[in-house]
Amino acid sequence: MSGGTVISERRRTLGLLGLVVLLFGTAWPVMKIGLVGATPIWFAAARAGLGTIVSFAMLAALGRLRRPTRSDWPIIVSIGVLQLTCFFAFSLLGLRLVPAGRSVLLAYTTSLWLVPLAALSGEPIGWRRIAGALAGLAGIVVLLDPSRIDWAGLGTLGGYGFLLLAALAWAVAIFHARRHVWRLSPMQVLPWQLLLATVLLGLFAFIAEPHGRIDATAPELLSLFYVGVIAGPLGSWGATSAARALPTVTSSVGFLGVPVLGVVVSTLWLGEPVTAALVFGGMLVLFGLLLVVTAPVR
């Protein structure tokens, strides 16, 4: 492959990474709008259902749709339950109570939770990952702004808890995915993972939100279409492709653009206030994440 071709391919991949950041970063304020006329679990189930249809259709059109083997089912169950079912449900429950900018910052603290998981497994973690986790934790405390929390009720405090649980569930799924021996590619198992999440979220919605709803109005339907048909499946495909083509550090740092863009769009579009806690807490979280994702792997 010539030098010019290599440079062109790298630019194309970086452009794809930028598209992923755009899709995932804008998804949070879009979901915030959708939740005005929808209950969280029903919205999550509908999002997963649309993603299932699109991902099956996309892989079938590419000729890459495959039936999972027995060895594929552990990762299907792990990611389907933790990264999709739990992350979708917890993040939307939190997003309903917390501004979109803060929500995306807290939900994307996933890499921070991988540090204690790695330590518990006996993996050497190094000083940079420890420092990053501590900086991120300090940022979370600042973001929570304890002086303004109503400790007597759930409210915003419960929303923060849901978002941190979402990040933890995603971290456990990533921890398993890194140790799984893959037979099918991550994209080939995605439709099956989404199908499992759709079933589980649908059952959960019937139980937890028996009177839940999704209003058939333009904001709710457009929000669902964006996250379920465009941002979810296409973003997942783009993220997988970019992560495989780029060095790990490059893709990891690039993905930090998602919470940054989420905060910017939420501020400009939704008019969410820019407070000192959001600025300084967000900077600490991003600095911590940067330390963690750029730490050398031992």
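Tutor: Happy to. Let's begin with Arg129, which forms a salt bridge with Glu123, their closest N and O atoms lying 3.0 Å apart. The term salt bridge here stands for a side-chain nitrogen of Lys or Arg within 4 Å of a carboxyl oxygen of Asp or Glu. Before going further, please keep in mind that this is a predicted model, where local features need pLDDT of at least 70 and side-chain atom pairs count only at pLDDT 80 or more, while totals for chains, interfaces and linings use all residues. Residues are numbered from 1 along each chain as its sequence is written, and side-chain values use heavy atoms, with hydrogens and water left out.

Now for the surroundings of that pair. Arg129 is buried, because its relative accessible area is 11%, and buried means under 20%, exposed over 50%, and partly exposed in between (1.4 Å probe, protein chains only). Glu123, at 25% relative accessibility, counts as partly exposed.

Glu123 also forms a salt bridge with Arg179, with 2.8 Å between the closest N and O atoms. This pair links distant parts of the chain: Glu123 sits in the loop between helix H5 (110-120) and helix H6 (126-144), whereas Arg179 belongs to helix H7 (residues 155-179), 56 residues apart. Helices are DSSP runs (H or I, at least four residues), as strands are (E, at least two), and both are numbered from the N terminus. Arg179 has a relative accessibility of 43%, so this residue counts as partly exposed. Taken together, Glu123, Arg129 and Arg179 are linked in a network of salt bridges.

A search of the whole structure finds three salt bridges. Another of them joins Arg213 and Asp215, where the closest N and O atoms are 3.2 Å apart. Here Arg213 is partly exposed, at 35% relative accessible area, and Asp215 is partly exposed too, at 27%. As a general point, side chains of opposite charge can pair when their charged atoms come close.

Next, the chain as a whole. Its secondary structure comes to twelve helices and zero strands. The radius of gyration is 19 Å, close to the 19 Å that the globule rule gives for 298 residues, so the chain is as compact as a globular protein of that length; the radius is taken over C-alpha atoms, and the rule is 2.2 Å times the number of residues to the power 0.38. Those C-alpha atoms fill a box of roughly 60 × 45 × 40 Å along the principal axes. Of the 298 residues, 49% count as buried. Among contacts (heavy atoms within 4.5 Å) between residues at least 6 apart in sequence, 91% join residues at least 24 apart.

Val142, Val274, Val279, Phe280, Met283 and Leu284 form a nonpolar patch with about 510 Å² of accessible area together. For such a patch, residues need over 30% relative accessible area and no salt bridge; like charges are joined within 9 Å, and nonpolar side chains (Val, Leu, Ile, Met, Phe, Trp, Tyr) within 5 Å. Accessible areas come from the Shrake-Rupley method with a 1.4 Å probe, and for residues only the protein chains shown count as cover. Helix H12 (residues 276-294) supplies the largest share of the patch, four residues. Val279 lies in helix H12 and is partly exposed, with a relative accessible area of 34%.
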